[in-house]
Protein chains: 2
Amino acid sequence: MSLITKAAIARDHNAPLIIEDVALRAPGRREVLVEMKASGLCHTDLSIVQGNFPFPLPAILGHEGAGIVRACGPDVTRVKEGDHVILNNLIHCGECEPCRKGKVTGCVLRSELDAMPFHWNGEPLRTLSGIASFARHTVIRQEQVTVIPQSIPFASAAVVPCGVMTGAGAVWNDAKVEPGSTVVVFGLGSIGLNVVQAAAISGASRIVAIDINPGKEQVARLFGATHFVNPRDLALPLKEHLTASLGGLADYAFECVGNVDLLAQAVDLVDPFSGVCLAVGVPPQNQSITLPASTFYLGRTVRGTHIGDGNPLEDTPRIVSDYQNGAFKLNELVTHTLPLDRINEGFDLMKTGQSIRAVILY
Amino acid sequence: MSLITKAAIARDHNAPLIIEDVALRAPGRREVLVEMKASGLCHTDLSIVQGNFPFPLPAILGHEGAGIVRACGPDVTRVKEGDHVILNNLIHCGECEPCRKGKVTGCVLRSELDAMPFHWNGEPLRTLSGIASFARHTVIRQEQVTVIPQSIPFASAAVVPCGVMTGAGAVWNDAKVEPGSTVVVFGLGSIGLNVVQAAAISGASRIVAIDINPGKEQVARLFGATHFVNPRDLALPLKEHLTASLGGLADYAFECVGNVDLLAQAVDLVDPFSGVCLAVGVPPQNQSITLPASTFYLGRTVRGTHIGDGNPLEDTPRIVSDYQNGAFKLNELVTHTLPLDRINEGFDLMKTGQSIRAVILY
């Protein structure tokens, strides 16, 4: 028994998404059917459409969403029909050895993210991270959803799984920013702003937000930045300027643009002994990162993050709870909302840097 | 009041060290006078002499040693005359904020490592890490020495501060290798062998030791390696060979050669989500490290280590205690001993790869 629903399909590279009817199978064991209520548009979706990030098409993209559970397959224990849920990029059974060790990306259920419950023109359709939030309905493992209070607007909840979790998780789970730290953030899109607000919540005492768009200063300060730097306005090289104004190097730097040259700059801005640089942005995958041989000599760390290594059982509820008590901003991230049939306009807003997050409302 | 003692002085690049009389001032506040009994020869000393590692000459090198406290300056509380001590590369007051946070490289006393208690021909002489173990006597801060039982041979104790601490500390403090892990180690000099034995002590279940010298297999297995690979013997590329024989990628890789191409290979051998690669070897500082842009996409970590971030108050006593109860091998690292006036022969042994550690005995 399959359901016919609407989805935005990325059919070819560099072509607009098309809205089509697709067939969705019923939820199997430990799976749920979710009616999507909102989906964020992320730069990774755009990079896939533009061919800058390798992912085979056709596919239903969209990897941050929120909706309502409409049916449960056998053995579903964590959620029930009618629950409002966030659809996470990572899956977490909580019972396997990697989950117990806190390595959320190693969960034995990881292969479930590649399940293909949709068919289009008789062929199975790929989805990104098993979410398919560019479809009006989806089928997903119970271990990939987090129940949220019904009072939370879907549009605000929808941006949590990728834009929020990647930035906040990079700060909390990967860098483990400590109170009193000095933090530098390159790029103030959705992810960079969430790095800023998570660092502020972690008690960083100085948060330097860097962007070549002067319009980002106000929002950066709203999210907790203590300094704003537009490199185009500087008389000195960035490192000299920051070293002088901060009285030294940073404890943590976050590259949230996906530019290999900025990553090298970010690495160079952290303390050579104990500094940590997070490569959060995804650079074009055919490029290389070149670092001086002295980079690691005294102990510096450079690491990546996979969706902030965010745990659906711990990090998603923490963010939702912080949002409810006013400590975490979500509404401010959603600058535009659109219906599904105008999804291509959402990508245009992203290309021109007008939106923090454009969100599809179903 | 100064003491006249003998030291091996590195006067010029690419020239033999010369044995000269030098003047050593009396210990000041919280300093002690140590009579050196043994000093290891490390590849970093050789790199400095060869001009591959930037360090101004003339200088008294030697940065791993053990000896006997012969005099104490005012306010010395941690040691007393007659104590046998190891001279550490890092200083640890235990009271400042970085020390309390476990950031041993951040100790506020770090500048003490640059103290210059020696004079030669009327000019102050630099030392490496404030140790000067190529001198028969030295003056050092009490926070930089660790008292050891008198039953421990000085030659075995002397190799702890650099060769042992760098390898073992990289495993314990920086990578934090977990039981059951798969570990790959490039280069089986003193540091690589100590990575192998520390990983074995940490419970790694598979330890792959890699070296182009087939003579290293026996000693690698003695130190705990479960696999030995000579890349020159392989029909397949190293990654294919290891992936096939291990059934996947490694959890941890340690580059202990100081070769930027090997470092890139080591990075590529660890799990892209949770893998950690330690850059332990020191590459020529005028080179670059080039990594694919995809390196950090899923969460991989690359980090350096500074002498294993080893804490003189915790790690040095742990190694000494493990040595005493038979769990940590030190004697096997000392393959050659020489008097100070034959120090240049010790460097020749290193260049030809004959020694694990050559040790000067005073």
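This is a predicted model: local features need pLDDT of at least 70, side-chain atom pairs count only at pLDDT 80 or more; totals for chains, interfaces and linings use all residues.
**View 1. Chain B against chain A.** On chain B, 35 residues are in contact with chain A, where 35 residues take part. The area buried between the two chains is about 3,100 Å². Carbon and sulfur atoms give 55% of that area. In chain B, the most area is lost to chain A by Ala293(B), Phe296(B) and Tyr297(B). Together these three residues make up 21% of what the chain B side buries.

**View 2. What chain B brings to the contact.** Two or more residues each come from α8 (260–268), β16 (288–292) and β17 (301–304) of chain B. β16(B) provides the largest share, with five residues. Sorted by class, the chain B side that touches chain A holds 17 nonpolar residues, 12 polar residues and six charged residues.

**View 3. β17 of chain A beside β17(B).** Strand β17 of chain A covers residues 301–304. Three bridges join this strand to β17(B). The two strands run antiparallel. Across the pairing, Arg303(A) stands opposite Thr301(B).

View 4. In chain A, the bond joining Leu57(A) and Pro58(A) is cis, with omega about 5 degrees. Pro58(A) lies in the loop between α1 (43–49) and β4 (59–60) of chain A. In chain B, the peptide bond from Leu57(B) to Pro58(B) is cis, and omega is near 5 degrees. Pro58(B) sits in the loop between α1 (43–49) and β4 (59–60) of chain B.

**View 5. Positive phi at Arg30(A).** Arg30(A) is not a glycine, yet its phi is positive, at about 65 degrees. The residue belongs to the loop between β2 (18–25) and β3 (31–40) of chain A.

**View 6. Positive phi at Ala132(B).** Ala132(B) is not a glycine either, and has a positive phi of about 55 degrees. Its place is the loop between β8 (123–127) and β9 (137–141) of chain B. Ala132(B) has a relative accessible area of 0%, so it is buried.

Conventions. Residues are numbered from 1 along each chain as its sequence is written. Chains are lettered from A and ligands numbered from 1 in the order in which they are written. Side-chain values use heavy atoms; hydrogens and water are left out. Contact means heavy atoms within 4.5 Å. Buried area is the accessible area (1.4 Å probe) that two parts lose on being put together, summed over both. Helices (H or I, at least four residues) and strands (E, at least two) are DSSP runs, numbered from the N terminus. Ala, Val, Leu, Ile, Met, Phe, Trp, Tyr, Cys and Pro count as nonpolar, Asp, Glu, Lys and Arg as charged, and the others, Gly among them, as polar. Two strands pair if DSSP finds at least two bridges between them. Buried means under 20% relative accessible area, exposed over 50%, partly exposed in between (1.4 Å probe, protein chains only).
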